[in-house]
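Student: I would like to go through this structure with you and ask, for each label, what value and what cut-off stand behind it.

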Amino acid sequence: MKAIVKGINWLAAAVLVVAIGLAWLQPIRFFGNPDWASPLVQLALVLGLLVCLNAGRLIVRQLSAKQYHWLVLGAIGLVVVVQGWLAVNFVDVARADAFYVRQQALVLASGGHQWQHYFMIYPNNVNMTLLEAVVLKPLLHLTETPWVFMNGLRFLWADTALVSGLYLLKRWRYWQPGALGLVGIWLVSVPVAAYGLFAYTDVLVLPLMLDSLALLTLSQQVGGWRRGGLWLIDGLLVATGVMIKTNLIVLWFALVMIGGIVWLQRRWSGRQLFGWLMSLAVTLLLMVAVMQRAQHQAGYQRQPNAALPATSWIAMSLNPKSDGQYRHDDFALVNQQPTAKAKQQQAQQMIHQRLQHMGVTGTLVHLLKKLRVFWATGDFDSFKLTTQWIRAPRWYWNHQRQCQFWLVLMTQTIYLVMLVQAIVALLQRRDWPVTFLALTILGLTIFHVGFWEVEGRYALPLLPGLMLLSLMGGREIPDWQFSVSMRHRLRWLTATLAAVSLISLWQTSQSTRVNDVLRGSQGNGTYVVTMKQAIRPHQVLKSALQASGPSNTIQLQPDKSQQPVTITLAKGKRTIKRWTGTPNQLKNLVYPVTAAGQLQLTIKNQGKRAVRYGVVTANYSPLTGQVTAKSKQYLQYAVKQHYQQPATLTTGKACLVVIAIAWAATSWSIEYLSTNKQKFARE
C-alpha cells in the first residue's frame, strides 16, 4: 500500500517539476499576458521569496497564541475588506460564453422559456444558466443592477475553500503559522480576485477540491448517521460540480480512489467503503435526474443535430496550430455539418488526420505543448477573462497593460514558490489527504493534456489544493541559519541579482512599446452567433459609447456595403467630427484627441439599400448594467487612444521601487536568519 501511495505522490511531483520548468522558462505569451520579465528576474524573485518565507515562518512561530489569533483575524478582515472593495468597484460585462449564460438567465428569471440557439450547440452550459437564474430571480425584485450582489455571492462561495483550508490546517496541527500563510496567499491571489468577478462556471468549481476534502476529513472524526450525512453532503457537492463543469468528474473518480486507499490502509471497514461508494453513486445519479427535471421545467429541449459531439473537443485538442486550445475554425468546421451523424464523422475525420499527420513523435511534442498551456501560467488565465467592464476604476482602465505586467510578475513568483514547496510535500508526506490532492493533480492533467481541449483556467480547481500543499511543504523545510561568512556571500549575491534584475526590467520596459490603449469597448455579438442590425435607407442608429480616458480612434464592425452612410461623433452638445463614405471606408474612425466621458455616435444610412452593423442583443445594458424588460441592441465598438509616439511599458522609477522592496525584504530576512543562528549558538 505504501508503494502505491508513494507512486501516486511521486508522479504528481514529477508533473509539478515539469510545470516549474515551463512556468519559469516558457510562460504563455498570449492575449492577457503579452509581457514577461526575463527568467533571471523571475529566478531572483523566487529565491528572495523563499528566503523571506523561511524567516517569516520562524517569526510567526515565536508569537504567543493570543498575538497570533488576533493577527489571523486581522488578515481575514483584510480579505473581507479587499473583496468587498473589488465587488463594488469592478463589474464585468460578461463576454463570450459568460454573456450567453447571463442573458439566458435573465430571460428565465423574468419568466421566459425561449432558449437561445447557443444552448443547442453547447448544452453543457444549461445547468449553470439554471443556477444563475435561480439566484437572479429574487435579486431582480430588489434592484435593476444586481451585479455587485452577484460579485459578493461569488466571493462568498470561493471563500468556502479558505474556510475548508483553515479547518484542515487546524486538524493537521499546523495552525501556526499555516493559517496566516493560507489567508495571506488568499489575500494576494490574483486568480481568486479575477474569478470572483467573472460571471462563469470557473468560480463555482474553484473551492470544490478543498471543500470535499474537508468534509471527508470531518466525517472521519464522527460515526453513525453523522458520518453518512457528511458523505451525502460531500457527494451532492461534487455531483453538483460535475453537473456544472464536466471535467469535475475527475474529482468524483479521485474520491472513489481515495476511498479504496483509505480502506487498504485499514482506516475503513469493507462495509464503510461500500457505504462511501454508494453515497457517491447515488448522489451523482440523483443530481443528473434533478437537473434533467429542471431543464424540462425551464423549457429546454435538446436538439441532437445542433449539439457539438464530445469528439469535436478532442479534435480541437489535437490541433498543433493552437497547442490544443479553442479554435473558431475547428468549431465552425464541425458546427456547419447539418446532422449529429455528420458532425460526429467530421470530428472523427479531424482526429484521424491530425494523429496521422503528427505521428508518434509529433504527438508527444504536442502533448508537451498542451502541458505548457495547462501549467505554465500562475494567473490561470485571469487576464484573458474580459476586457469589458460595466464599472472599473479609471486608473485601472487607463493602465491595464502596466497593471497586468506587475500583477503577472507577482503572481508568477508566488506560483513558482507554491510549486517548489508543493513538491516537497508530495515527496515527504504519505498521509491520505496529500495523496487525494495528488490524484486531483494527475486526474485533471491527464484529462486536459491527454485528450481534451486545454486552457490555463481549466487548472483553476487545483489552485486551493496547491496552496495547501505549499504550506505543508514549507513545514517540511528546515529553518535556515546562516553563518557570518555565508551571510556576507549572500549579501553580495542579493545585491548582484537586484542590480541585474533592475537592468533587465528596465530593458523589458524600454523594448516593449505601447501603441494603443483601449478606453472602452462592446465586443459581444461575434462569438458563436454573429449578431447584426440593419439600418434601412434614411434611418438612423444612435449609440452611446464610454471612454475611460483620452481617445482618438473608434473601430466599428460593419458588413461590406457600397451604400453611403454619414457618421457623426459628438460629446454633449459639441460635434467632434462627421464622416461620409461607405461602411467599409468608415470602419476605423480617427478624430482629434477627446477627453474621457460619454460619446454619442450616430450612423445615418444615405443609400438606397440597408446597411448592417455588428451589435449585441441583450436584456441588460453593457454601459450601465441596468436590466431591461425587453431586449435591446447595442453597437459593437472599440474606443482607443493611438499614440503618435509609442509609450514604454512602465517607468524606470516603478522598476526601481519593486526591486528595492524585494532586495530590502530579502536582505533583512538574511540578517534575521543569521542573527537567529548566533542567538541559538549562545543559548
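Student: What makes the contact between the side chains of Arg429 and Asp431 a salt bridge?

Tutor: This is a predicted model, in which local features need pLDDT of at least 70 and side-chain atom pairs count only at pLDDT 80 or more, whereas totals for chains, interfaces and linings use all residues. Residues are numbered from 1 along each chain as its sequence is written, and side-chain values use heavy atoms, with hydrogens and water left out. A salt bridge requires a side-chain nitrogen of Lys or Arg within 4 Å of a carboxyl oxygen of Asp or Glu; for Arg429 and Asp431 the N to O distance is 3.0 Å, so the pair meets the definition.

Student: Why is Arg429 called buried, and why does Asp431 count as partly exposed?

Tutor: Buried means under 20% relative accessible area, exposed means over 50%, and partly exposed is in between, with a 1.4 Å probe and protein chains only. Arg429 has 14% and is therefore buried, while Asp431, at 22%, counts as partly exposed.

Student: What ties Asp202 to Arg457, and which parts of the chain does the pair join?

Tutor: Their side chains meet in a salt bridge with an N to O distance of 2.9 Å, one of 13 salt bridges in the structure. Asp202 lies in helix H10 (residues 202-205) and Arg457 in the loop between helix H20 (432-451) and helix H21 (463-476), so the pair ties together parts that are 255 residues apart in sequence. Helices here are DSSP runs of H or I with at least four residues, strands are runs of E with at least two, and both are numbered from the N terminus. Both Asp202 and Arg457 are buried, and salt bridges that share partners join Asp202, Lys245, Glu455 and Arg457 into one network.

Student: How do you know that Asp330 and Arg354 form a salt bridge, and are these residues buried or exposed?

Tutor: The N to O distance between their side chains is 2.8 Å. Asp330 counts as buried at 5% relative accessibility, and Arg354 counts as buried at 16%.

Student: Why is the pair of Phe90 and Trp389 called edge-to-face?

Tutor: Rings of Phe, Tyr and Trp (its six-membered ring) pair if their centres lie within 6.5 Å, and planes under 30 degrees apart count as stacked, over 60 as edge-to-face and the rest as tilted. The ring centres of Phe90 and Trp389 are 5.4 Å apart and their planes are at 75°, so the pair is edge-to-face. It links distant parts of the chain, with Phe90 in the loop between helix H3 (65-89) and strand S1 (91-92) and Trp389 in strand S2 (residues 389-391), 299 residues apart. Phe90 is buried with a relative accessible area of 7%, and Trp389 is buried with 14%.
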